[in-house]
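This briefing covers a ligand site and a nonpolar core. Please look over the sequence and structure first.

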Amino acid sequence: MKRALITGVTGQDGSYLAELLLEKEYKVFGLRRRTSTPNYENVEHIKDQIEWIDGDLTDLSSLIRAIEVSQPDEVYNLAAQSFVATSWPQPIATGEITAMGVTNMLEAVRIVKPDARFYQASSSEMFGKVVETPQKETTPFYPRSPYGVAKVYGHWITVNYRESFNMFACSGILFNHESPRRGLEFVTRKVTDGVARIKLGLANELRMGNLDAKRDWGFAGDYVRAMWLMLQQDNPDDYVISTGETHTVQELVEIAFNYVGLDWQEYVVLDEKFVRPAEVDLLLGDCNKAKKKLGWNLEVSFEKLVESMVDMDLERLGKKSFKQLKIYL
Ligand code: NAP
Ligand code: F7E
(Lines give C-alpha, C1' and ligand atoms only; values in the text may rest on other atoms or scores of the structure.)
(Ligands and ions follow the chains in the order given, each with its own letter.)
Protein backbone atom coordinates (compact mmCIF):
# COMPACT_ATOMS: atom_id res chain seq x y z
CA MET A 1 0.00 0.00 0.00
CA LYS A 2 1.51 3.35 -1.08
CA ARG A 3 1.47 6.21 1.42
CA ALA A 4 0.78 9.84 0.49
CA LEU A 5 0.79 13.05 2.49
CA ILE A 6 -1.40 15.88 1.16
CA THR A 7 -1.08 19.45 2.46
CA GLY A 8 -4.14 21.59 1.68
CA VAL A 9 -6.36 18.50 1.75
CA THR A 10 -9.40 20.48 2.96
CA GLY A 11 -9.22 22.74 -0.12
CA GLN A 12 -10.72 22.16 -3.55
CA ASP A 13 -7.81 20.24 -5.13
CA GLY A 14 -6.84 18.41 -1.95
CA SER A 15 -10.30 16.90 -1.67
CA TYR A 16 -10.33 15.60 -5.27
CA LEU A 17 -6.77 14.30 -4.97
CA ALA A 18 -7.56 12.50 -1.70
CA GLU A 19 -10.54 10.81 -3.44
CA LEU A 20 -8.32 9.74 -6.34
CA LEU A 21 -5.59 8.32 -4.09
CA LEU A 22 -8.11 6.49 -1.89
CA GLU A 23 -9.59 4.92 -5.05
CA LYS A 24 -6.06 3.79 -5.90
CA GLU A 25 -5.84 2.26 -2.42
CA TYR A 26 -3.22 4.63 -1.02
CA LYS A 27 -3.01 5.27 2.67
CA VAL A 28 -3.78 9.01 2.71
CA PHE A 29 -2.45 11.38 5.37
CA GLY A 30 -3.88 14.90 5.44
CA LEU A 31 -2.22 17.91 7.02
CA ARG A 32 -4.79 20.18 8.67
CA ARG A 33 -4.21 23.46 10.43
CA ARG A 34 -5.94 24.51 13.59
CA THR A 35 -9.13 26.51 13.00
CA SER A 36 -11.65 27.80 15.54
CA THR A 37 -14.42 26.03 13.61
CA PRO A 38 -13.84 22.70 11.84
CA ASN A 39 -13.64 23.00 8.06
CA TYR A 40 -14.34 19.61 6.47
CA GLU A 41 -16.98 20.66 3.92
CA ASN A 42 -15.01 19.33 0.91
CA VAL A 43 -13.87 16.11 2.57
CA GLU A 44 -16.82 15.25 4.84
CA HIS A 45 -17.58 12.13 2.72
CA ILE A 46 -14.01 10.74 3.07
CA LYS A 47 -13.04 12.26 6.41
CA ASP A 48 -12.86 8.92 8.20
CA GLN A 49 -10.59 7.42 5.53
CA ILE A 50 -7.93 10.12 5.96
CA GLU A 51 -5.28 9.94 8.69
CA TRP A 52 -5.22 13.50 10.05
CA ILE A 53 -2.01 15.20 11.13
CA ASP A 54 -2.05 18.67 12.70
CA GLY A 55 0.43 21.14 11.25
CA ASP A 56 0.99 24.41 9.46
CA LEU A 57 3.12 25.25 6.44
CA THR A 58 4.76 28.10 8.37
CA ASP A 59 5.91 25.76 11.19
CA LEU A 60 8.80 23.58 10.05
CA SER A 61 8.77 21.48 13.22
CA SER A 62 5.15 20.46 12.56
CA LEU A 63 6.07 19.45 8.98
CA ILE A 64 9.03 17.37 10.13
CA ARG A 65 6.67 15.61 12.50
CA ALA A 66 4.13 15.11 9.70
CA ILE A 67 6.75 13.39 7.52
CA GLU A 68 7.97 11.28 10.45
CA VAL A 69 4.43 10.12 11.25
CA SER A 70 3.29 9.50 7.67
CA GLN A 71 6.55 8.11 6.16
CA PRO A 72 5.15 9.03 2.73
CA ASP A 73 6.13 7.65 -0.68
CA GLU A 74 4.56 10.76 -2.20
CA VAL A 75 4.04 14.30 -0.86
CA TYR A 76 1.58 16.66 -2.56
CA ASN A 77 2.14 20.25 -1.42
CA LEU A 78 -1.19 21.92 -2.21
CA ALA A 79 -1.52 24.21 0.82
CA ALA A 80 -1.30 27.92 0.09
CA GLN A 81 -2.88 31.31 0.64
CA SER A 82 -4.38 30.84 -2.81
CA PHE A 83 -6.68 33.83 -3.35
CA VAL A 84 -4.88 36.37 -5.55
CA ALA A 85 -6.96 39.37 -4.40
CA THR A 86 -6.07 38.72 -0.73
CA SER A 87 -2.37 38.70 -1.56
CA TRP A 88 -2.28 42.54 -1.79
CA PRO A 89 -3.75 43.27 1.65
CA GLN A 90 -1.87 40.26 3.13
CA PRO A 91 1.44 40.12 1.21
CA ILE A 92 3.56 38.93 4.12
CA ALA A 93 1.28 36.06 5.16
CA THR A 94 1.05 35.11 1.47
CA GLY A 95 4.85 35.06 1.20
CA GLU A 96 5.28 33.09 4.41
CA ILE A 97 2.76 30.40 3.42
CA THR A 98 2.83 30.30 -0.38
CA ALA A 99 6.57 30.93 -0.87
CA MET A 100 8.53 30.05 2.28
CA GLY A 101 6.05 27.29 3.15
CA VAL A 102 7.38 25.38 0.13
CA THR A 103 10.94 25.51 1.46
CA ASN A 104 9.68 24.34 4.85
CA MET A 105 7.96 21.39 3.20
CA LEU A 106 10.99 20.55 1.04
CA GLU A 107 13.27 20.77 4.07
CA ALA A 108 11.03 18.42 6.06
CA VAL A 109 11.18 15.89 3.20
CA ARG A 110 14.95 16.33 2.70
CA ILE A 111 15.67 15.85 6.41
CA VAL A 112 13.31 12.97 7.17
CA LYS A 113 12.52 11.09 3.94
CA PRO A 114 14.54 12.37 0.99
CA ASP A 115 13.43 9.53 -1.31
CA ALA A 116 9.76 10.64 -1.10
CA ARG A 117 8.41 12.02 -4.39
CA PHE A 118 7.32 15.66 -4.11
CA TYR A 119 4.65 17.60 -6.05
CA GLN A 120 4.53 21.42 -5.88
CA ALA A 121 1.34 23.26 -6.85
CA SER A 122 2.73 25.95 -9.15
CA SER A 123 0.43 28.28 -11.02
CA SER A 124 -0.24 30.01 -14.33
CA GLU A 125 -0.29 33.23 -12.25
CA MET A 126 3.52 33.04 -12.54
CA PHE A 127 3.15 34.02 -16.23
CA GLY A 128 1.21 37.16 -15.20
CA LYS A 129 1.79 39.86 -17.80
CA VAL A 130 2.46 37.20 -20.39
CA VAL A 131 5.50 37.49 -22.64
CA GLU A 132 4.25 34.85 -25.10
CA THR A 133 0.97 33.14 -25.98
CA PRO A 134 0.19 30.32 -25.47
CA GLN A 135 2.24 29.87 -22.29
CA LYS A 136 4.33 26.72 -21.93
CA GLU A 137 6.99 25.30 -19.59
CA THR A 138 9.72 27.48 -21.13
CA THR A 139 7.77 30.77 -21.10
CA PRO A 140 9.51 33.32 -18.81
CA PHE A 141 7.61 34.39 -15.69
CA TYR A 142 6.28 37.93 -15.07
CA PRO A 143 4.06 37.71 -11.97
CA ARG A 144 1.54 40.48 -11.31
CA SER A 145 0.57 39.96 -7.65
CA PRO A 146 2.24 39.07 -4.36
CA TYR A 147 0.62 35.64 -4.85
CA GLY A 148 2.23 35.25 -8.28
CA VAL A 149 5.61 36.35 -6.91
CA ALA A 150 5.32 33.85 -4.04
CA LYS A 151 4.48 31.04 -6.50
CA VAL A 152 7.54 31.88 -8.62
CA TYR A 153 9.68 31.42 -5.49
CA GLY A 154 7.92 28.12 -4.69
CA HIS A 155 8.47 26.95 -8.26
CA TRP A 156 12.19 27.70 -8.38
CA ILE A 157 12.95 26.34 -4.91
CA THR A 158 11.34 23.06 -6.03
CA VAL A 159 13.51 22.99 -9.17
CA ASN A 160 16.53 23.89 -7.03
CA TYR A 161 15.98 21.03 -4.53
CA ARG A 162 15.66 18.65 -7.46
CA GLU A 163 18.96 19.88 -8.92
CA SER A 164 20.82 20.33 -5.60
CA PHE A 165 19.77 17.23 -3.68
CA ASN A 166 18.67 14.93 -6.50
CA MET A 167 15.16 14.85 -5.03
CA PHE A 168 12.21 13.60 -7.10
CA ALA A 169 10.54 17.03 -7.04
CA CYS A 170 8.03 18.07 -9.71
CA SER A 171 6.21 21.29 -10.30
CA GLY A 172 2.80 21.34 -11.98
CA ILE A 173 2.11 24.71 -13.59
CA LEU A 174 -1.67 24.51 -13.42
CA PHE A 175 -3.98 26.96 -15.12
CA ASN A 176 -7.26 27.89 -13.39
CA HIS A 177 -9.36 24.89 -12.48
CA GLU A 178 -12.76 24.96 -10.89
CA SER A 179 -15.53 22.81 -9.46
CA PRO A 180 -18.56 22.95 -7.16
CA ARG A 181 -15.97 22.77 -4.34
CA ARG A 182 -14.26 26.02 -5.40
CA GLY A 183 -14.10 28.69 -2.68
CA LEU A 184 -16.97 31.20 -2.96
CA GLU A 185 -14.73 34.23 -3.57
CA PHE A 186 -13.15 32.88 -6.80
CA VAL A 187 -14.84 34.23 -9.91
CA THR A 188 -16.41 31.02 -11.28
CA ARG A 189 -18.00 30.04 -8.00
CA LYS A 190 -18.96 33.63 -7.19
CA VAL A 191 -20.85 33.75 -10.50
CA THR A 192 -22.53 30.33 -10.23
CA ASP A 193 -23.51 30.98 -6.60
CA GLY A 194 -24.73 34.48 -7.55
CA VAL A 195 -26.79 33.18 -10.48
CA ALA A 196 -28.37 30.50 -8.28
CA ARG A 197 -29.24 33.09 -5.61
CA ILE A 198 -30.84 35.39 -8.20
CA LYS A 199 -32.76 32.50 -9.79
CA LEU A 200 -34.09 31.43 -6.40
CA GLY A 201 -35.06 34.98 -5.44
CA LEU A 202 -32.38 35.20 -2.75
CA ALA A 203 -30.51 38.13 -4.41
CA ASN A 204 -31.22 40.72 -7.08
CA GLU A 205 -27.74 41.67 -8.32
CA LEU A 206 -24.19 40.37 -8.75
CA ARG A 207 -21.34 42.83 -8.16
CA MET A 208 -18.27 42.10 -10.30
CA GLY A 209 -14.84 43.47 -11.24
CA ASN A 210 -13.00 43.22 -14.58
CA LEU A 211 -15.17 41.31 -17.08
CA ASP A 212 -12.52 41.49 -19.84
CA ALA A 213 -9.90 39.28 -18.17
CA LYS A 214 -9.34 36.00 -20.03
CA ARG A 215 -8.67 32.69 -18.35
CA ASP A 216 -8.00 29.08 -19.38
CA TRP A 217 -10.49 27.32 -17.11
CA GLY A 218 -10.65 23.54 -16.58
CA PHE A 219 -12.23 21.07 -14.15
CA ALA A 220 -10.31 20.36 -10.91
CA GLY A 221 -11.14 16.63 -11.04
CA ASP A 222 -9.25 16.36 -14.35
CA TYR A 223 -6.28 18.33 -13.00
CA VAL A 224 -5.55 16.20 -9.92
CA ARG A 225 -5.04 13.20 -12.23
CA ALA A 226 -2.16 15.14 -13.80
CA MET A 227 -0.57 15.71 -10.35
CA TRP A 228 -0.59 11.98 -9.67
CA LEU A 229 0.74 11.13 -13.16
CA MET A 230 3.72 13.49 -12.66
CA LEU A 231 4.84 11.49 -9.64
CA GLN A 232 4.53 8.13 -11.47
CA GLN A 233 7.13 8.96 -14.17
CA ASP A 234 10.69 7.63 -14.32
CA ASN A 235 12.13 11.14 -13.93
CA PRO A 236 10.94 14.30 -12.18
CA ASP A 237 9.95 17.21 -14.43
CA ASP A 238 7.68 20.27 -14.68
CA TYR A 239 4.47 20.35 -16.72
CA VAL A 240 1.88 22.90 -17.83
CA ILE A 241 -1.69 21.66 -17.28
CA SER A 242 -4.41 23.59 -19.11
CA THR A 243 -7.30 23.24 -21.56
CA GLY A 244 -5.82 25.23 -24.46
CA GLU A 245 -8.97 27.42 -24.59
CA THR A 246 -9.44 30.88 -23.18
CA HIS A 247 -12.66 32.69 -22.25
CA THR A 248 -13.44 36.12 -20.83
CA VAL A 249 -15.07 36.57 -17.44
CA GLN A 250 -18.01 38.03 -19.41
CA GLU A 251 -18.41 34.76 -21.34
CA LEU A 252 -18.47 32.89 -18.02
CA VAL A 253 -21.20 35.25 -16.79
CA GLU A 254 -23.21 34.85 -20.01
CA ILE A 255 -23.10 31.03 -19.92
CA ALA A 256 -24.19 30.91 -16.27
CA PHE A 257 -27.08 33.37 -16.65
CA ASN A 258 -28.23 31.86 -19.99
CA TYR A 259 -28.36 28.43 -18.39
CA VAL A 260 -31.13 29.55 -16.02
CA GLY A 261 -32.87 31.67 -18.68
CA LEU A 262 -31.81 35.11 -17.38
CA ASP A 263 -30.21 38.14 -19.11
CA TRP A 264 -26.93 38.89 -17.29
CA GLN A 265 -27.07 42.58 -18.20
CA GLU A 266 -30.09 43.05 -15.96
CA TYR A 267 -28.25 41.81 -12.87
CA VAL A 268 -24.48 42.36 -13.14
CA VAL A 269 -23.20 45.58 -11.54
CA LEU A 270 -19.59 46.68 -12.03
CA ASP A 271 -17.94 47.45 -8.70
CA GLU A 272 -14.43 48.98 -8.44
CA LYS A 273 -13.95 47.09 -5.18
CA PHE A 274 -13.35 43.91 -7.20
CA VAL A 275 -10.85 45.46 -9.64
CA ARG A 276 -7.24 44.46 -8.78
CA PRO A 277 -4.23 46.80 -8.42
CA ALA A 278 -2.55 44.87 -11.28
CA GLU A 279 -4.38 42.43 -13.54
CA VAL A 280 -3.41 39.29 -15.44
CA ASP A 281 -5.20 40.06 -18.70
CA LEU A 282 -4.81 36.81 -20.63
CA LEU A 283 -3.93 33.22 -19.80
CA LEU A 284 -3.87 30.42 -22.36
CA GLY A 285 -1.85 27.27 -21.74
CA ASP A 286 -0.08 24.90 -24.09
CA CYS A 287 -0.21 21.48 -22.38
CA ASN A 288 1.21 19.40 -25.25
CA LYS A 289 4.12 18.18 -23.12
CA ALA A 290 1.71 16.76 -20.50
CA LYS A 291 -0.46 15.18 -23.18
CA LYS A 292 2.52 13.54 -24.84
CA LYS A 293 4.60 12.50 -21.84
CA LEU A 294 1.93 11.86 -19.19
CA GLY A 295 -0.84 10.72 -21.52
CA TRP A 296 -3.04 13.27 -19.70
CA ASN A 297 -6.34 14.42 -21.18
CA LEU A 298 -9.35 16.51 -20.25
CA GLU A 299 -12.81 15.08 -19.75
CA VAL A 300 -14.97 18.13 -18.86
CA SER A 301 -15.57 21.12 -21.20
CA PHE A 302 -15.83 24.73 -19.96
CA GLU A 303 -19.55 25.09 -20.70
CA LYS A 304 -20.42 21.79 -19.00
CA LEU A 305 -18.29 22.78 -16.00
CA VAL A 306 -20.07 26.12 -15.54
CA GLU A 307 -23.52 24.55 -15.97
CA SER A 308 -22.81 21.78 -13.47
CA MET A 309 -21.56 24.37 -10.96
CA VAL A 310 -24.81 26.34 -11.39
CA ASP A 311 -26.75 23.10 -10.88
CA MET A 312 -24.88 22.30 -7.70
CA ASP A 313 -25.37 25.80 -6.31
CA LEU A 314 -29.08 25.66 -7.10
CA GLU A 315 -29.27 22.31 -5.37
CA ARG A 316 -27.32 23.49 -2.34
CA LEU A 317 -29.28 26.73 -1.99
CA GLY A 318 -32.70 25.48 -3.01
CA LYS A 319 -32.28 21.81 -2.09
CA LYS A 320 -33.53 21.05 -5.61
CA SER A 321 -31.57 20.71 -8.87
CA PHE A 322 -32.32 23.07 -11.75
CA LYS A 323 -33.77 20.13 -13.69
CA GLN A 324 -36.26 19.60 -10.87
CA LEU A 325 -36.90 23.34 -10.61
CA LYS A 326 -37.59 23.54 -14.38
CA ILE A 327 -40.42 21.05 -13.94
CA TYR A 328 -42.08 23.45 -11.51
CA LEU A 329 -41.58 26.59 -13.63
P1 NAP B 1 -7.76 26.21 -1.78
O2 NAP B 1 -9.09 25.61 -2.04
O3 NAP B 1 -7.66 27.65 -1.40
O4 NAP B 1 -7.06 25.32 -0.64
C5 NAP B 1 -5.93 25.78 0.04
C6 NAP B 1 -5.60 24.78 1.14
O7 NAP B 1 -4.41 25.23 1.84
C8 NAP B 1 -6.68 24.63 2.23
O9 NAP B 1 -6.76 23.28 2.60
C10 NAP B 1 -6.13 25.45 3.37
O11 NAP B 1 -6.59 25.04 4.63
C12 NAP B 1 -4.65 25.15 3.23
N13 NAP B 1 -3.79 26.10 3.92
C14 NAP B 1 -3.77 27.46 3.78
N15 NAP B 1 -2.82 27.99 4.58
C16 NAP B 1 -2.22 26.95 5.22
C17 NAP B 1 -1.17 26.87 6.16
N18 NAP B 1 -0.53 27.95 6.63
N19 NAP B 1 -0.80 25.64 6.61
C20 NAP B 1 -1.44 24.52 6.18
N21 NAP B 1 -2.46 24.55 5.29
C22 NAP B 1 -2.84 25.76 4.81
O23 NAP B 1 -6.79 26.00 -3.04
P24 NAP B 1 -6.97 25.04 -4.32
O25 NAP B 1 -7.75 25.77 -5.36
O26 NAP B 1 -7.39 23.70 -3.87
O27 NAP B 1 -5.47 25.02 -4.86
C28 NAP B 1 -4.54 24.06 -4.38
C29 NAP B 1 -3.13 24.57 -4.65
O30 NAP B 1 -2.95 24.77 -6.05
C31 NAP B 1 -2.79 25.91 -4.02
O32 NAP B 1 -1.41 25.89 -3.69
C33 NAP B 1 -3.03 26.92 -5.12
O34 NAP B 1 -2.27 28.08 -4.91
C35 NAP B 1 -2.57 26.12 -6.32
N36 NAP B 1 -3.19 26.43 -7.59
C37 NAP B 1 -4.53 26.46 -7.72
C38 NAP B 1 -5.11 26.68 -8.95
C39 NAP B 1 -6.60 26.69 -9.15
O40 NAP B 1 -7.05 27.17 -10.18
N41 NAP B 1 -7.37 26.14 -8.23
C42 NAP B 1 -4.28 26.88 -10.08
C43 NAP B 1 -2.90 26.81 -9.91
C44 NAP B 1 -2.35 26.57 -8.67
P45 NAP B 1 -7.98 25.61 5.27
O46 NAP B 1 -9.05 24.72 4.71
O47 NAP B 1 -7.74 25.46 6.71
O48 NAP B 1 -8.11 27.04 4.81
O1 F7E C 1 -10.14 35.56 -10.81
C2 F7E C 1 -11.58 38.51 -12.54
C3 F7E C 1 -10.28 38.70 -11.81
O4 F7E C 1 -10.10 35.04 -8.37
C5 F7E C 1 -10.18 35.30 -12.19
C6 F7E C 1 -6.48 30.99 -8.13
O7 F7E C 1 -6.89 29.65 -8.02
O8 F7E C 1 -6.22 30.79 -10.50
C9 F7E C 1 -6.87 31.53 -9.49
O10 F7E C 1 -6.49 32.90 -9.56
C11 F7E C 1 -10.36 36.59 -12.96
C12 F7E C 1 -9.40 37.72 -12.57
O13 F7E C 1 -8.82 33.58 -10.03
C14 F7E C 1 -14.22 39.33 -10.21
O15 F7E C 1 -9.84 40.06 -11.87
C16 F7E C 1 -13.66 39.87 -12.24
O17 F7E C 1 -8.92 38.32 -13.73
O18 F7E C 1 -11.23 33.43 -9.95
P19 F7E C 1 -10.14 34.38 -9.70
P20 F7E C 1 -7.33 34.00 -10.38
O21 F7E C 1 -6.96 35.32 -9.84
O22 F7E C 1 -7.14 33.77 -11.85
C23 F7E C 1 -4.79 30.81 -10.45
C24 F7E C 1 -4.27 29.93 -11.57
C25 F7E C 1 -4.25 30.46 -9.11
O26 F7E C 1 -3.17 29.91 -8.98
C27 F7E C 1 -4.97 31.05 -7.93
O28 F7E C 1 -4.66 30.31 -6.74
O29 F7E C 1 -11.67 37.10 -12.72
N30 F7E C 1 -12.76 38.98 -11.79
N31 F7E C 1 -14.58 40.11 -11.27
C32 F7E C 1 -13.07 38.62 -10.54
N33 F7E C 1 -12.48 37.75 -9.70
C34 F7E C 1 -13.05 37.58 -8.49
N35 F7E C 1 -12.48 36.69 -7.63
N36 F7E C 1 -14.17 38.26 -8.10
C37 F7E C 1 -14.80 39.15 -8.93
O38 F7E C 1 -15.81 39.76 -8.59
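A polar contact is a pair of N or O atoms within 3.5 Å; within protein, one must be able to donate a hydrogen and the other to accept it, and residues adjacent in sequence count only if both atoms are side-chain atoms. A backbone N or O atom of aspartate 13 lies 2.8 Å from an oxygen atom of ligand 1.

This is a predicted model: local features need pLDDT of at least 70, side-chain atom pairs count only at pLDDT 80 or more, and totals for chains, interfaces and linings use all residues. Residues are numbered from 1 along each chain as its sequence is written, and side-chain values use heavy atoms, with hydrogens and water left out.

**Ligand 1**
- A polar backbone atom of glycine 11 is 3.0 Å from a ligand oxygen atom.
- The side chain of tyrosine 147 places an N or O atom 2.6 Å from an oxygen atom of the ligand.
- The protein covers 89% of the 900 Å² of accessible area (Shrake-Rupley method, 1.4 Å probe) that ligand 1 has on its own.
- The shell around ligand 1 divides into 9 nonpolar, 10 polar and 5 charged residues, with Gly counted as polar.

**Nonpolar core**
- The largest nonpolar core has 49 residues; such a core is a set of buried (under 20% relative accessible area, 1.4 Å probe, protein chains only) Ala, Val, Leu, Ile, Met, Phe, Trp, Tyr and Cys residues joined through side-chain atoms within 4.5 Å.
- Ile6, Leu17 and Met230 are among the members that touch the most others.
- Helix H6 (a DSSP run of H or I, at least four residues) gives the largest share of this core, 8 residues.

Methods: Chains lettered and ligands numbered in written order. Buried < 20%, exposed > 50% of the residue type's maximum accessible area, 1.4 Å probe, protein only. Helix = DSSP H or I, 4+ residues; strand = E, 2+ residues; numbered from the N terminus.
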